[in-house]
Amino acid sequence: MAREAKKNQVPAVRRAQVRLPELLPFEDGELESEGDYDGLEFRDLDLVGQEGRGARFMDCGLYGVALDETRLSRVRVMDSVLEGVRGVGTNLAEASLRDVEIVDARLGGTQLHGAVLERVVVRGGKIDYLNLRRSKLTDVIFEGCVLVEPDFGDATLNRVEFRDCALRGVDLSGATLKDVDLRTVASLEIARGAERLRGAVIGVSQMLDLAPVFAGVMGVRVEGA
């Protein structure tokens, strides 16, 4: 019996533990493509529309930074904190995020397609139309945040937990899930790809919420008495 209980347990997500050193203020004004940023603090800066493709951020803190239309494709972010960042249309396509905390972000239309996220925590805030198509998420926690129409199409999610989140209009088309924990989701609405939930764990309340969706996937017609 104990062996069976252990088999049914959801593997724990390895949570990011970021401990920043004493940071120096970023004073260059403009980001640079392929730039190397180590141990810097970006506080209350306007980086709107700037170009930082392929840049590397290590042991950095970004606080209250504006990232509207900022171009950061293929950026590498390691052992860093992004707190209170905001912006629409931020381009992080094919980015690599490892041991990163994203706190109280206010973002819309963020492009993270083809990205790799490992040991990332997204806590609080609201992100609209997050594009994570063909991305790879490993040991990622979404905690107390609101995700509106997130797109996980053809993405791979391994040891991902959605804790006390509101998920609205989720697209899981073609996604592959393994050890994805949805048991404490505050609200769950799947627009597409419900059949891809194999590999996820849900609770009774989510099961009731998803019953009409599952019926639709199975071709079952539900009518009132």
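In this predicted model, Glu94 lies in the loop between strand 7 (86-88) and strand 8 (96-108). Although Glu94 is a residue other than glycine, its phi is positive, near 60°. Glu94 has a relative accessible area of 42%, which places this residue in the partly exposed class. A positive phi, about 60°, also occurs at Glu69, again not a glycine. Glu69 is found in the loop between strand 5 and strand 6 (76-83), and with 47% relative accessibility Glu69 is partly exposed.

**Overall architecture**

The secondary structure of the protein chain consists of two helices and 16 strands. The chain has 225 residues, of which 49% are buried. Its accessible surface is about 11700 Å², and carbon and sulfur atoms account for 47% of that surface. Of the contacts between residues at least 6 apart in sequence, 11% join residues at least 24 apart.

**Nonpolar core**

The largest nonpolar core has 56 residues, and the members touching the most others are Phe42, Phe142 and Phe162. Strand 8 gives the most to this core, contributing five residues. In soluble globular proteins, nonpolar side chains tend to be buried together. Beyond residues up to four places away in sequence, Phe142 touches Val122, Leu137, Leu147, Val160, Glu161, Phe162, Arg163 and Cys165.

**Salt bridges**

Side chains of opposite charge can pair when their charged atoms come close. The structure holds 18 salt bridges, and three of these pairs are set out below.

| Pair | N to O distance |
|---|---|
| Asp154 and Arg133 | 3.4 Å |
| Glu143 and Arg163 | 3.4 Å |
| Arg192 and Asp171 | 3.1 Å |

The salt bridge between Asp154 and Arg133 links distant parts of the chain, 21 residues apart: Asp154 is in the loop between strand 11 (146-148) and strand 12 (156-163), and Arg133 in the loop between strand 9 (116-128) and strand 10 (136-143). Asp154 is partly exposed at 41% relative accessible area, and Arg133 is likewise partly exposed at 24%.

The side chains of Glu143 and Arg163 also meet in a salt bridge. Because Glu143 lies in strand 10 and Arg163 in strand 12, this pair ties together parts that are 20 residues apart in sequence. Glu143 is buried, with 17% relative accessibility, whereas Arg163 is partly exposed, with 24%.

In the salt bridge of Arg192 with Asp171, the partners lie in strand 15 (residues 187-192) and strand 13 (residues 166-171) respectively, so that the pair links distant parts of the chain, 21 residues apart. Arg192 is partly exposed at a relative accessible area of 46%, while Asp171, at 7% relative accessibility, is buried.

Asp59 lies in the loop between strand 4 (56-58) and strand 5 (61-63). Asp59 is buried but has no salt bridge. Its nearest side chain of opposite charge belongs to Arg56, 7.4 Å away, whereas a salt bridge requires the nitrogen and oxygen to be within 4 Å. With neighbours within four places in sequence left aside, the contacts of Asp59 are Leu20, Pro21, Leu23, Asp38, Gly39, Leu40, Met78, Asp79 and Ser80.

Definitions and conventions: Residues numbered from 1 in each chain as written. Predicted model: local features only at pLDDT ≥ 70, side-chain atom pairs only at ≥ 80, totals over all residues. Heavy atoms only, no water. Helix = DSSP H or I, 4+ residues; strand = E, 2+ residues; numbered from the N terminus. Buried < 20%, exposed > 50% of the residue type's maximum accessible area, 1.4 Å probe, protein only. Lys, Arg positive; Asp, Glu negative; His and termini not counted. Contact = heavy atoms within 4.5 Å. Core = buried A, V, L, I, M, F, W, Y, C linked by side-chain atoms within 4.5 Å. Areas by Shrake-Rupley, 256 points an atom, 1.4 Å probe, with all protein chains shown as cover.
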